[in-house]
Amino acid sequence: MISVIIPIALLIGIILIKKIPYIGGNIKAGLAICAISAFLLGGVYNPFEWIKAWVNGIDKISWVMALGVFGSIYAETQVQLGTMDTVLGSLRARFGHSPKGLVSSVIVSLAIAGSLLGDAIASASVIGILVIKALDELEMTGEQISATIVIGACLGSIMPPIAQALFLSSSLMNLPSPDPVINISYCTIGLAVILACFYVGFMFVKIKALPEELIPKKKAHQIMAEGWKTLVPLTILILIIVLRSGFKIEVLDVLNPIFNPIKEIPIIKGIDFAVVKAIIVCTIISYFFAPVRKGGINIIKKGLTNVKESFFILVFAGLMIGAFYQAGQITTVQEFAQGLSANVLKIGGAVAMSLIGMLTGSQSTAQISIFTFFGPALTTTGVDPVHAAVAGAHLAMGGQGMPPADLTTFVVAGLVGGILGKKVDPLRSMFYSMAMCIYFLIVGFIFMFI
């Protein structure tokens, strides 16, 4: 197990010890050094083998990378089109006539935005700033406002159709398709949104009636009638996903002649993935609308800029994943796991994932550093691979949002404090949003033990 422990220790040390000269806190450097040490300790010394393993590693997560790139561009088209303005406005008009109704509409809007953007920080930044003053007039504290936005955005980030956490866990489990994982998560995240509305409504909202200026003047159907065009790409995307997930109707099979030439090309074949193709189609449709055409190439540039950092982290993650497979660390852990009791393995792995998420504020780091081993090891105890993937995504999301290093909370707390002109304690906000994290952890444990 030394060949496993040392690379992981190096990775965690480099990420967490920011005082290390030049590389401290640099996730890409940590992943690279972790991979190199895995090669050396596994007896793989040929640099050509390293390159081959890197390509294989990136290939394993190529669909996640393609999802990030094209999902980010699609998100920018929807911002330009005004999709979320229409969604938020109509939800407020329909459900926002009471304080609890308003806060529930905010959570649902953030969840929808997160599901479109695939990223909690992006959702909180794009939609969160629209609702901060409204929540302030509900006499919520800055920390409660921050926690509300974080909860909604994080729930959205793991909600299909984009749901990077689910796709990453499915990829790390080598599932032929993430669809079974996605289908289960519709239920787990749908329930979470309902519970979040009750939690925030009863824990944070104390006033009995809305201020007059917060009561929408237009009816929901009026807002929808005025902004229905902004919902066309979103509606088409949802329709494509629902037809393939719920009815097994592959609408995009008509595009097979276009995508068939890349089906076997390593890494590039990640584009030939159903959700990626759906997003590409809906992005193209978005350019039929004048506001998006006006944004032109700048929309694509901004989308690529937004995803650049996470993209290159995944590139280096591919190196580490490839190294673990090539140098035998995956096999070592699986063999070691066979000597452990099932309960010890499950609890220890879950705690490790949660701790990495807590310390780094990143579900992807928790999955890449721990679930790469932990996921395949779970199957040796009899856990269904689909259930293992569901558990991995939820455990990672649970750890990511807990104190002390939730990146989303730091961003949102800064936004809330800046807009309201008062100090917002990010740690207190994290404690407020821990209820969501505990729910994620419970779901993760359930799917490890059923």
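Helix H10 covers residues 179–203, and its 25 residues reach 35 Å from the first C-alpha to the last, close to the 36 Å expected at 1.5 Å a residue, where the expected span is 1.5 Å times one less than the number of residues. Helices here are DSSP runs (H or I, at least four residues), numbered from the N terminus. This is a predicted model, in which local features need pLDDT of at least 70 and side-chain atom pairs count only at pLDDT 80 or more, while totals for chains, interfaces and linings use all residues. Residues are numbered from 1 along each chain as its sequence is written, and side-chain values use heavy atoms, with hydrogens and water left out.

**Helix H10**
- A kink of about 30° is centred on Ser185 in H10, the bend being the angle between axes fitted to the seven residues ending at a residue and the seven starting there.
- The buried residues of H10 include Ser185, Thr188, Ala192 and Cys197, where buried means under 20% relative accessible area (1.4 Å probe, protein chains only).

**Helix H4 and its end**
- The end C-alpha atoms of H4 (residues 62–81) are 29 Å apart, which agrees with the 28 Å that its 20 residues should span.
- H4 is mostly covered, with 17 of its 20 residues buried, and is followed by Gly82, whose phi is positive, near 90°.

**Thr230**
- Thr230 lies in the loop between helix H11 (220–227) and helix H12 (232–246), and is buried with a relative accessible area of 13%.
- Leaving aside residues up to four places away in sequence, Thr230 touches Gln78, Leu81, Gly82, Thr83 and Thr86, contact meaning heavy atoms within 4.5 Å.

Methods. Helices (H or I, at least four residues) and strands (E, at least two) are DSSP runs, numbered from the N terminus. Buried means under 20% relative accessible area, exposed over 50%, partly exposed in between (1.4 Å probe, protein chains only).
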